[in-house]
Amino acid sequence: MSKFWSETVKRCVPYVPGEQLNDANIVKLNTNENPYPPSPKVVEAIKVEAERKLNLYPSPTVDQLRTDIAEYYGLSKDNIFVGNGSDEVLAFSFLAFFEAGKPIRFPAVSYSFYPVYCKLFNISYEEVKLNRDFTLPVEAFFQTDGGVIFPNPNAPTSIYLEIDAIKEIVENNPDQVVIIDEAYIDFASESAVSLINTYNNLLVIQTMSKSRSLAGLRIGFALGNSDLIEGLTRIKDSFNSYTLDRLAIAGAEAAIKDTNYYKSTTREIIHTREWITAEMKKRGFHILPSQANFIFVSHYNKQAEELYAALKDRNVLIRHFNKPGIDNYLRVTIGTNKNMELFLNKLDEILA
Ligand SMILES: Cc1ncc(COP(=O)(O)O)c(C=O)c1O
């Protein structure tokens, strides 16, 4: 605490990201990164760009990348906003569409950055308790005063909500913005992007950090009605004209075009997810139905915290949230088959 701190600094409660240890011996299954490298075309595009114009500012409007993303989804450039990771796009969205005195709603078990933004920007919020099976109580998100946000699939539960339920939530909040945070959507069945031409109050946010293996490049984007996108752009241009650097823009343009590459790594991860789920069930784990690149698990007689610590001692890092309601669960990112075999061997050692 310092006497120089503003009321905002005093009020905020910063987000704590998963550990990033730089030890090559660690099997890192704690931050939902993709275990596969990005497409070779992305790496090539970054190399080419690095030798070109780094002395010049990047495009403030990022038109080409927005056009490429729009083309991929059959939309127009005016429906796309890009930012420095979806965390930044989320932060700008909270500032653009939510405010004090009109509580927004999000699930009590959800992405822990949401309450952080609320405190930072002084936005009122209500946390909605999930059903006993961790599914979303859809009607509890109807008729809100300030809007709605949740991840689909939800994090850290990994559970997917069907598009028809999303439609109902959007229709029952006609005067508020509903934000669907689709960080993990490429590992699930269907995106809500197909609804944005129908509903002017729906904003979908995606990232290249997960399915496109680009967590290190920081690219996120929002898809929505052009008025929502203009709102986001006004916030961004009041903050920083160049949130994406030249290397990130070049890499992201190559990534959005190389559909075959990301589809094949995504298929591989889904395949590994189904295999590890079956194996862990045999070992007494309860596993929520996952449509993400991670699973959320608990063991019938071993405490989650104990398992987390025992795995860490054996150089396997997973995520444990010390939060009521989920403190006996563990979130495990899906790695390569080899990563998961090693994880399973260590688990067997611990459970023996
Ligand atoms: C639900 C959810 N939304 C957004 C993000 C942020 O992703 P990024 O800022 O890397 O795009 C994450 C990261 O793990 C997440 O789990």
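The following dialogue discusses how to read several features of a predicted model.

Colleague: On what basis are the values given?

Modeller: The model is predicted, so local features need pLDDT of at least 70 and side-chain atom pairs count only at pLDDT 80 or more, while totals for chains, interfaces and linings use all residues. Residues are numbered from 1 along each chain as its sequence is written, and side-chain values use heavy atoms, with hydrogens and water left out.

Colleague: Which domains does the assignment give?

Modeller: Domain bounds come from an automatic or database domain assignment. Here domain 1 comprises 7-37 + 260-351, and domain 2 comprises 40-258. Their C-alpha centres lie 24 Å apart. Taking contact as heavy atoms within 4.5 Å, domain 1 contributes 35 residues and domain 2 contributes 32 residues.

Colleague: How is the area buried between domain 1 and domain 2 to be read, and what is its value?

Modeller: Interface size is often expressed as the accessible area lost when the parts come together. Buried area is the accessible area (1.4 Å probe) that two parts lose on being put together, summed over both. Between domain 1 and domain 2 it is about 2800 Å², with carbon and sulfur atoms giving 60%. On the side of domain 1, Tyr-15, Tyr-262 and Gln-291 lose the most area to domain 2, together 28% of what that side buries.

Colleague: How many salt bridges and polar contacts cross the interface of domain 1 and domain 2?

Modeller: Side chains of opposite charge can pair when their charged atoms come close. The rule for a salt bridge asks for a side-chain nitrogen of Lys or Arg within 4 Å of a carboxyl oxygen of Asp or Glu. Across this interface it finds zero salt bridges. A polar contact is a pair of N or O atoms within 3.5 Å; within protein, one must be able to donate a hydrogen and the other to accept it, and residues adjacent in sequence count only if both atoms are side-chain atoms. There are 15 residue pairs in polar contact across the interface, both residues at pLDDT 80 or more.

Colleague: Which element gives the largest share of the side of domain 1 that touches domain 2?

Modeller: Helices (H or I, at least four residues) and strands (E, at least two) are DSSP runs, numbered from the N terminus. The elements giving two or more residues to that side are helix 1 (7-11), helix 9 (259-282) and strand 10 (294-299). Helix 9 supplies the largest share, nine residues.

Colleague: In what order do the strands of the open sheet stand?

Modeller: Two strands pair if DSSP finds at least two bridges between them. Four strands form the open sheet in the order 9-10-13-12, with antiparallel pairing. Strand 9 (285-287) and strand 12 (319-320) stand at the edges with a single partner strand each, so one side of each is left without a neighbour in the sheet. Strand 10 and strand 13 (residues 330-333) pair over four bridges; Phe-296 has Arg-331 of strand 13 as its bridge partner.

Colleague: Where are cis peptide bonds and a positive phi found?

Modeller: Most residues other than glycine have a negative phi, and most peptide bonds are trans. A cis peptide bond joins Asn-152 and Pro-153, with omega about -5 degrees, and another joins Ala-155 and Pro-156, with omega about 10 degrees. Pro-153 is in the loop between strand 5 (148-151) and helix 6 (163-171). Val-62, although not a glycine, has a positive phi of about 50 degrees.
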